[in-house]
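Trainee: I'm new to looking at structures. Please pick one part and take me through it closely, and then show me how you'd read its surroundings.

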Amino acid sequence: MRNTFRILFYLKKNAPLRNGLVPVMARITICGQRAQLSTHLSVDPALWSAATGQVSGRSRAAGEINRQLADIRFRIEQCYRTLFLNGTSVTPVMVREAYFGASRHRPRLLEFFRRHNEEFRRMVGVSRSQATYNKYRCVCRHLERYVAHRYRRADLPFDELDKDFLTGFHAYIVQQSDRKKNTVWVYLIALKHVLMLARSKGYLARDLFAGYKLHSEYVERSYLTVAEINDLIGLELPAGTQRLVRDAFLFCCFTGLSYIDVCNLTRRQIQQHSGNSWIDLKRRKTGVKVSVRLFALPQAILLRYLPAAPDVRIFDLPGNGWCNKCLEQIALAAGITKRVTFHAARHTFATTITLSQGVAIETISKLLGHKSIRTTQIYAIVTRSTLDGEMNRLSERIDSLYPRPSATEQGRFVSAPDPFAEPIFQNRAENAPNDALQIESYP
């Protein structure tokens, strides 16, 4: 489309001055978009020619004003040509700011994003987490590559951002970076947060994400079964990092602690209540207080690593990424084919250790330290054994209320062979393994 650039001088008749003169305004129009600016000149409205955009007459005063208007027109056109030759998608606001010499001070996206990240970094360990800071840094790097790739520029002013920028960045992450759907969703949520901050400071005129749908993808949570837990317990490992990671992972399976919470666990947080050992701590992520009773197996693990000093960390674990690599090797050695990460311990606690044993979802939410029970419902997967047990109990109640019809009553129903009498359709609960929690003793 042809770039239509126009300059119009007009009178601001609704704001006359006390001396009867009227201010002269300039309107810049580019492809239907407009921006106004004051010329800081004023004229007698009776002498103004709307057709020519000048003062009529041959007086010296009229000639001086027309000369100043011509100079203003020339400088505006010069600003437009400079922006246009730089390969910029020029808007009237950009021309106006360039005319007033404000182009160097226009707030820019990447500059603002980096400043946000620097302020965020200073709060890490106080009220912000290192993982969230790393996420914002990653999004900022992707934005830098996207702006350089698509716009051939080092940064973009906020007033140039539009829905096309947003959809382009979305497609760039998906295609160029080969990210999974949930990772893309997390990145866009981070960008949305930064743009909301920019809008609150007046840098952005509108919400780019208004009406823009962001969807996450449901991912089935991985957890260990009773048999797989026993396989991990029975695995012989030499003293060292792998055994430490295996033991800490099993400890989390029976306590529901996250990686960061078990890393920070000290002897001071192990309390005695009513003759039993309990973990009393405040979750690092949510700040919610958690109280979990220690069963026999996690107590045995604890005794192996319990230090003498009350404030020394019990499990001196390496980084989370390194722990997950160790768990991959450990799971392979134990014959477990599914992908096992440290966070799977919380899923195992929510599913195999508690929910499958009949613990109420409200209690599990408290044990996991969740602020909302909706978060717990994501972890709490209804296993096949739980489903079979519930349906068996329901079947007993329903069959007692509505027993099988007698031979004389069968005539009321359509005569047909009973498929449930065939051996292949026998109740699978008779052949299903017993999933009651029977954990082998800890070596």
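Mentor: Let's start on one side of helix α10, where Ala296 and Leu303 are exposed. Exposed means over 50% relative accessible area, buried means under 20%, and partly exposed is in between (1.4 Å probe, protein chains only). Before going on, keep in mind that this is a predicted model, in which local features need pLDDT of at least 70 and side-chain atom pairs count only at pLDDT 80 or more, while totals for chains, interfaces and linings use all residues. Residues are numbered from 1 along each chain as its sequence is written, and side-chain values use heavy atoms, with hydrogens and water left out.

Back to the helix. α10 covers residues 296–305, and its buried residues are Leu297, Pro298, Ile301, Leu302 and Tyr305. Down the axis of α10 they fall within an arc of 140°, so they line one face of the helix. That arc is taken from the directions between the helix axis and the C-beta atoms. Here's the background: an α-helix has 3.6 residues a turn, so residues three or four places apart point the same way. And what do the buried residues of α10 pack against? They pack against α7, α8 and β6 (270–273), where contact means heavy atoms within 4.5 Å. By the way, these labels are DSSP runs numbered from the N terminus: helices are H or I with at least four residues, strands are E with at least two.

In α11 the buried ones are Cys323, Asn324, Cys326, Leu327, Ile330 and Ala331. They cover an arc of only 160° around the axis, which puts them on the same side of α11. Trp322, Leu332 and Ala333 are exposed on the other side. The buried residues of α11 pack against α7 (226–234), α8 (241–253) and α9 (259–263). After α11 comes Gly335, with a positive phi near 80°.

For contrast, look at a strand. β1 pairs with β2 (residues 22–30) in the antiparallel sense over 7 bridges; two strands pair if DSSP finds at least two bridges between them. Across that pairing, Leu8 stands opposite Arg27, and Leu11 has Val24 as its bridge partner. These strands belong to an open sheet of 3 strands in the order β1-β2-β3, with antiparallel pairing. The edge strands, β1 (5–11) and β3 (33–43), each pair on one side only.

One last stop: the loop between β2 and β3 holds Cys31. Cys31 isn't a glycine, yet its phi is positive, about 50°. At 32% relative accessibility, Cys31 counts as partly exposed. His40, in strand β3, also isn't a glycine and has a positive phi near 60°. At 69% relative accessibility, His40 counts as exposed.
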